[in-house]
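Keep the sequence and the 3D view open as you go.

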Amino acid sequence: VLYDCTNRESFQSLKHWNGLIERIDLLPETFKILVATKCDLKAAVSRGEVDDAIKEFGFYAYVETSSKEAWGHDKLLEMAVEKVFFNFNQLDTTATIKSYPSTTSISRMLLMSSVAVSYTHLTLPTKR
């Protein structure tokens, strides 16, 4: 979940976006990362407020990024991929597929992960 750290309204909309995410039938292995954008500029939100949001909404991690200065995106991608692979490795490979919530749920988890990774990849600025 991304928010613009220079815009208080963007941060306050986390409650709305988290509510939408919570309505989706998520697997227990699903995780959320809070991403602050434009962190090369003066923040309109305190670190204490961010910490409170992390606890309130159950974010797995928090990452600060700057597209302008080209930093933080690699950390975000690394965290997401590491967590996806960790979760995938925790699946009981001896169990039948019927013991999992559904192949649709697993597909949805993988799709959401790939969308997040794709978004991160597409927004990575190139250094010149």
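This is a predicted model: local features need pLDDT of at least 70, side-chain atom pairs count only at pLDDT 80 or more; totals for chains, interfaces and linings use all residues.

Let's begin with Asp-4, which lies in strand β1, residues 2–4. Residues are numbered from 1 along each chain as its sequence is written, and side-chain values use heavy atoms, leaving out hydrogens and water.

**Around Asp-4**

Is Asp-4 buried or exposed? Asp-4 counts as buried because its relative accessibility is 14%; buried means under 20% relative accessible area, exposed over 50%, and partly exposed in between, with a 1.4 Å probe and protein chains only. The Asp-4 side chain makes a polar contact of 2.5 Å with the side chain of Thr-6. A polar contact is a pair of N or O atoms within 3.5 Å; within protein, one must be able to donate a hydrogen and the other to accept it, and residues adjacent in sequence count only if both atoms are side-chain atoms. Leaving aside residues up to four places away in sequence, Asp-4 touches Ser-10, Thr-37 and Lys-38, where contact means heavy atoms within 4.5 Å.

Lys-38 sits in the loop between β2 (33–37) and α3 (47–57). Its phi is positive, about 60°, although Lys-38 is not a glycine. At 40% relative accessibility, Lys-38 counts as partly exposed. Ala-70, in the loop between β3 (61–64) and α4 (73–89), is another non-glycine residue with a positive phi, near 60°. Ala-70 counts as partly exposed, at 25% relative accessibility.

Which residues of α3 are buried? They are Val-50, Ala-53, Ile-54 and Phe-57. These residues cover an arc of only 100° around the axis, so they lie on the same side of α3; the arc is that of the directions from the helix axis to the C-beta atoms. An α-helix has 3.6 residues a turn, so residues three or four places apart point the same way. The cover over the buried residues of α3 includes β1, α1 (8–12), α2 (14–22), β2 and β3. On the face turned away from the buried side, α3 carries the exposed residues Lys-55 and Glu-56. After α3 comes Gly-58, with a positive phi near 70°.

**Aromatic rings**

Rings of Phe, Tyr and Trp (its six-membered ring) pair if their centres lie within 6.5 Å; planes under 30 degrees apart count as stacked, over 60 as edge-to-face and the rest as tilted.

| Pair | Centre to centre | Angle between planes | Type |
|---|---|---|---|
| Tyr-3 and Phe-11 | 5.1 Å | 70° | edge-to-face |
| Phe-57 and Phe-59 | 6.3 Å | 85° | edge-to-face |

Tyr-3 is buried, with a relative accessible area of 2%, and Phe-11 is buried at 10% relative accessibility. Phe-57 is buried at 12% relative accessibility, and Phe-59 is buried with a relative accessible area of 7%. The charged end of Lys-32 sits over the ring of Phe-59, 5.4 Å from its centre; for this, NZ of Lys or CZ of Arg must be within 6 Å of the ring centre and within 35 degrees of the ring normal.

How values were computed
Helices (H or I, at least four residues) and strands (E, at least two) are DSSP runs, numbered from the N terminus.
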